[in-house]
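I opened this notebook to record what I looked up in one structure. The entries follow the order in which I made them.

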Amino acid sequence: MTTVHKSIWRLKRFGRFLPGTKEDGGNPWKMFEHSESAGELVLTIVESGHMLVSQGHDLLDGFSLLDAPSFLKVQQKSDTLLFRLTVKGESRLIRMQFSGSRAEALEECSSAVLSLKEYLPVTTQGGPPPPLSCPPTSNQPPTKTTAQDQQASAGEAMATEPEVVQGSLSIKRLTQHFLGEHGLSLPLVYRHSDLFRGELEPFLRLCLLDPSFPALVEEMEGELKRVLQD
């Protein structure tokens, strides 16, 4: 029997630490909570090794867990996880409290820790969870990432049947296919993905959150066109 590892957990609260806010008399944590209007808070760890925190259709945070020990420290305290990320000398903190009764929340948190330990060590601290209070006012909505309008390809506009291919394909023919210059019905070996269908959307949202992603797409398209010229 195949063991299915859980990769989605419901959260009660999620917070980002805001440096300098406490000195100004404000709450140092920007908090998000489950609500009917905003939607469920969810932690997801996808097969590609990316960790995502989302609420409804909004992606609140996300990063790759690959090589996590080099930039990430995680501590469990009761039903709460605290993450400290250090990138290029700059640190930031996020924390999340799991949903359910106390026993359920502890079980959910422990389950998430088991998944995280596949990528990095997680330290455990006993005692009650640290307070996760919401700021008095939270009018600033999280940044929304909406799906791009779909575009019909030129190949789909033409009423031509794609060429059915058996066996392996050359790099040139694959490039023509990806650029929409030559419609192909790819062999099964080219249709396999390590991502489950439900995990593709959050991974795409993570890519769209990266400001450098559009430039990367343009560079990849340019490189594909250069492959055809070689």
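I note that the model is predicted.

Entry: overall composition. I found 5 helices and 11 strands in the chain. Of its 230 residues, 33% count as buried. The chain exposes about 15,400 Å², and carbon and sulfur atoms supply 54% of that area. I also looked up contacts with a separation of 6 or more: 55% of them join residues 24 or more positions apart.

Entry: In soluble globular proteins, nonpolar side chains tend to be buried together. Here the largest nonpolar core has 29 residues, and Met51, Leu72, Leu81, Phe83, Met96, Phe98 and Leu116 touch the most other members. Strands E1, E3, E4, E5, E6, E7 and E8 and helix H1 each supply at least two residues of this core. Helix H1 (102-116) gives the most, with 5 residues. I then listed the contacts of Leu81, leaving out residues up to four places away in sequence; among them are Val74, Ile94, Met96, Phe98, Cys109, Ala112, Val113 and Leu116.

Entry: cysteines. I looked for disulfides and recorded 0 in the structure. Cys109 is buried, at 0% relative accessibility. Cys207 also counts as buried, at 18% relative accessibility.

Entry: salt bridges. Side chains of opposite charge can pair when their charged atoms come close. The structure holds 4 salt bridges, and I noted the following ones.

- Glu33 pairs with Arg13, with the closest N and O atoms 2.6 Å apart. Glu33 lies in strand E2 and Arg13 in strand E1, so the pair ties together parts that are 20 residues apart in sequence. Glu33 is partly exposed at 32%, whereas Arg13 is buried at 18% because the cut-off is under 20%.
- Arg92 pairs with Asp61, with the closest N and O atoms 2.9 Å apart. This pair links distant parts of the chain, strand E8 and strand E5, 31 residues apart. Arg92 is partly exposed at 35% relative accessibility, and Asp61 is buried at 7%.
- Arg226 and Glu223 meet in a salt bridge at 2.6 Å, N to O. Both lie in helix H5, 3 residues apart, so about one helical turn separates them.

How values were computed. Residues are numbered from 1 along each chain as its sequence is written. This is a predicted model: local features need pLDDT of at least 70, side-chain atom pairs count only at pLDDT 80 or more; totals for chains, interfaces and linings use all residues. Side-chain values use heavy atoms; hydrogens and water are left out. A nonpolar core is a set of buried Ala, Val, Leu, Ile, Met, Phe, Trp, Tyr and Cys residues joined through side-chain atoms within 4.5 Å. Buried means under 20% relative accessible area, exposed over 50%, partly exposed in between (1.4 Å probe, protein chains only). Helices (H or I, at least four residues) and strands (E, at least two) are DSSP runs, numbered from the N terminus. Contact means heavy atoms within 4.5 Å. A disulfide is a pair of cysteine sulfur atoms within 2.5 Å. Accessible areas come from the Shrake-Rupley method with a 1.4 Å probe; for residues, only the protein chains shown count as cover. A salt bridge is a side-chain nitrogen of Lys or Arg within 4 Å of a carboxyl oxygen of Asp or Glu.
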